[in-house]
Amino acid sequence: MTAPTHQEAHGGALGSRLNWLRAAVLGANDGIVSTAGIVVGVAGATESRSALLTAGLAGLLAGSMSMAAGEYVSVSTQRDSEVAALALEKRELREQPEAELQELTTLLEERGLSREVAREAAEQLTARDALRAHARVELGIDPDDLTNPWHAAWASFLAFTVGALLPLLAIVLPPAAWRLPVTVVSVLAALVLTGWTSSRLGSAGPERAVLRNVVGGALAMGVTYAAGSLLGAVGV
Ligand SMILES: [Zn+2]
């Protein structure tokens, strides 16, 4: 799962909201596939509902916490580098204000302003809040709204958990004979939905994304079911 970043210079609030949404859908997708693999594997070995519930819940918690921890680490690193870049920018503004004004003028020119207008805009932005102007135009970050590692960690935790609940409930709620069909059908249907949604939020065409997603999930369930059945048959 990838963290939403500030890579887009023009997308602004809408762009980063779509990034978040896409990350949430991909997180839910991870939760669906990995938990489905676990519970279908265990179902290959045993009919015990408590074994299925225990394995599924352990998978849900382990997966969501590992996603949250990974996200926390990666976003913290990103935030550290943003803070360091801002500190450097602050020093440059203090030590070489004229060069920084020139730099801002050039950046604005590259955005399509004429030389005179760019110079005028750079002077006004510098007079109002030089650091903020450089942060936004040069670094593409908002100094008052740095990415929050805790938010990112929570979002990953929740997204994975929501996805993981589907196969978990699908395997423990129905009567024994219906467990596998209900789980397989609902998981594949959910993967159609997440594959389609994430491709719509990105730029890829939906058909191939849906197909890859469904085949990936079906493979995960097929492999773990085969492994579970094998273990169940030899009586491990
Ligand atoms: Zn600068």
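**View 1. Spans from the UniProt record.** An unreviewed UniProt entry lists residues 20-43, 50-69, 152-173, 180-198 and 210-234 as "transmembrane region"; such annotations may be inferred rather than shown by experiment, and positions follow the numbering used here. Residues are numbered from 1 along each chain as its sequence is written. The model is predicted: local features need pLDDT of at least 70, side-chain atom pairs count only at pLDDT 80 or more, and totals for chains, interfaces and linings use all residues. Residues 180-198 are 100% helix and 0% strand, with end C-alpha atoms 26 Å apart. Residues 210-234 are also 100% helix and 0% strand, and their end C-alpha atoms lie 36 Å apart.

**View 2. Helix H2, residues 49-95.** Helices are DSSP runs (H or I, at least four residues), numbered from the N terminus. Buried residues (20 or more other C-beta atoms within 10 Å of their own, C-beta placed from the backbone) of H2 include Leu 52, Gly 56, Met 67 and Glu 89.

**View 3. The largest nonpolar core.** Such a core joins buried Ala, Val, Leu, Ile, Met, Phe, Trp, Tyr and Cys through C-beta atoms within 7 Å. This one has 38 residues; Ala 36 and Val 187 are among those with the most contacts inside it. H1 (12-45), H2, H5 (149-172), H6 (179-201) and H7 (206-234) each supply at least two residues. H1 gives the largest share, 14 residues.

Conventions: Expected span 1.5 Å × (residues − 1). Buried ≥ 20, exposed ≤ 12 C-beta atoms within 10 Å, placed from the backbone.
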